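Colleague: I've got this model open and I'd like to know what stands behind the labels. Can we go through a few of them?

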Amino acid sequence: MSGNGGFRLPWRRGRPVAAIEHVLPSPQRHIASFRLGPEAVRRAREAVAEHLPAAGVAPGSAFADAVLLVTSELVVNVLRHAPRSPVVDVGITVAAGQLVISVADAEPGLPDLSDAGMGSGLRMVAELAADYDGDVSADPAMDHDGKVVLVRFRMPS
């Protein structure tokens, strides 16, 4: 229809600049699975650290350190509190100005995220997330009988 009155379909080449400016970048998502054991925390940290530079996070920055500490603590919680989970899935997602760390296991019980119910590790995780205008949540897993704990951070400018 581009020959009739100058009308062009928006997905065609030559679309106006204004249409391009409003398209959000697609999310970057990486998930790694690890067998639970003595190396799980180190391997999870390495997997997340590998993707931080591509997300615009400077290695060794306070933000990178916070993200890696949260990753460690969440995997330690799986080691301590998810005895039925042979593996842990660790994800990093970056989209819309947020970085989200997800840790999924096969234990269906959700952690108590109330002030009274959190242990010192989850309290530290919640405080680190809050330092970057983020939060902590937990939901039943959609594709298995476990759960996923999500920690959201707003990306520093």
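Colleague: First, where is Thr-71 placed?

Modeller: Keep in mind that this is a predicted model. Thr-71 sits in helix H3, which covers residues 62-81.

Colleague: Why is Thr-71 called buried?

Modeller: The label needs a relative accessible area under 20%. Thr-71 comes out at 0%, so it is buried.

Colleague: Which residues is Thr-71 in contact with, leaving aside its neighbours within four places in sequence?

Modeller: Those are Ala-44, Arg-45, Val-48, Val-90 and Ile-101. Two of these names come back in the strands: Val-90 is the bridge partner of Ala-32, and Ile-101 is the bridge partner of Ile-92.

Colleague: What makes the pair formed by the side chain of Thr-71 and the backbone oxygen of Val-67 a polar contact?

Modeller: The cut-off is 3.5 Å between N or O atoms, with one able to donate a hydrogen and the other to accept it. Here a polar atom of the Thr-71 side chain lies 2.9 Å from the backbone oxygen of Val-67, and that distance is within the cut-off.

Colleague: On to strand E3, residues 98-105. Why is it described as largely enclosed by the rest of the structure?

Modeller: Because 7 of its 8 residues are buried.

Colleague: How do you know that E2 and E3 pair?

Modeller: Pairing takes at least two bridges. E2 (residues 87-95) and E3 have 7, in the antiparallel sense, so they count as paired. Their hairpin has 2 residues between the strands, and Ala-96 takes a positive phi near 50 degrees there.

Colleague: And what does E3 do with strand E5?

Modeller: E3 pairs with E5 (residues 147-154) over 8 bridges, again antiparallel. Gln-98 stands opposite Arg-154 in E5.

Colleague: What is the strand order in the open sheet?

Modeller: The 5 strands run E1-E2-E3-E5-E4, with antiparallel pairing.

Colleague: What makes E1 and E4 edge strands?

Modeller: E1 (28-35) and E4 (135-140) each pair on one side only. For E1, the pairing is with E2, antiparallel over 8 bridges.

Colleague: Which helix packs on the sheet, and which strands does that helix touch?

Modeller: Helix H4, residues 120-131, packs there and touches E4 and E5. The direction of H4 makes about 35 degrees with that of E5.

Conventions. Residues are numbered from 1 along each chain as its sequence is written. This is a predicted model: local features need pLDDT of at least 70, side-chain atom pairs count only at pLDDT 80 or more; totals for chains, interfaces and linings use all residues. Side-chain values use heavy atoms; hydrogens and water are left out. Helices (H or I, at least four residues) and strands (E, at least two) are DSSP runs, numbered from the N terminus. Buried means under 20% relative accessible area, exposed over 50%, partly exposed in between (1.4 Å probe, protein chains only). Contact means heavy atoms within 4.5 Å. Axes are lines fitted to C-alpha atoms, for helices over the stretch in contact, and angles run from 0 to 180 degrees between N-to-C directions.
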